[in-house]
Amino acid sequence: MGEFGHTFGNVSGDHFDAWGAGPFEIIADGKRWRFEDSDRFGPLIIDQNGDPLLQQPKERSPFWAAHAQWVASGRRVAADGMTCEKV
């Protein structure tokens, strides 16, 4: 079984590795975060265009507890394929 968020392949003799599944959205304490995620690098908060935000959540941000709960519950998403569901 591969790592979550890891894509790889060969094209015309060149090998590529890409990290980051998503985008996903998670809501905690009334705030919504959009992010990409992978087992290797963890979440990366992005804007509506998919660009990384310069300021990632601080250590005590409610995002981290919500993300940990989402991962522990199997990274389930709603029917839209984007909205994180927690148990």
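Phe35 and Trp70 are both buried (under 20% relative accessible area with a 1.4 Å probe, protein chains only; exposed is over 50%, partly exposed in between). This is a predicted model, where local features need pLDDT of at least 70, side-chain atom pairs count only at pLDDT 80 or more, and totals for chains, interfaces and linings use all residues. Residues are numbered from 1 along each chain as its sequence is written, and side-chain values use heavy atoms, leaving out hydrogens and water.

**Exercise 1.** Classify the ring pair of Phe35 and Trp70.

*Solution.* Start with the rule: rings of Phe, Tyr and Trp (its six-membered ring) pair if their centres lie within 6.5 Å; planes under 30 degrees apart are stacked, over 60 edge-to-face, and the rest tilted. Here the centres are 5.6 Å apart and the planes meet at 85 degrees, so the pair is edge-to-face. Next, place the residues: Phe35 lies in strand β4 and Trp70 in helix α1, so the pair ties together parts 35 residues apart in sequence. Helices (H or I, at least four residues) and strands (E, at least two) are DSSP runs, numbered from the N terminus.

**Exercise 2.** Find the cluster that the ring pairs form.

*Solution.* First, count: the rule gives six aromatic pairs. One of them joins Phe35 and Phe63, edge-to-face at 5.5 Å and 75 degrees. Then follow the links: Phe24, Trp33, Phe35, Phe63, Trp64 and Trp70 belong to one cluster.

**Exercise 3.** Locate the residue opposite Phe35 in β5.

*Solution.* Strands β4 and β5 (residues 44-45) run antiparallel, joined by two bridges; pairing takes at least two bridges found by DSSP. Opposite Phe35 stands Ile45.
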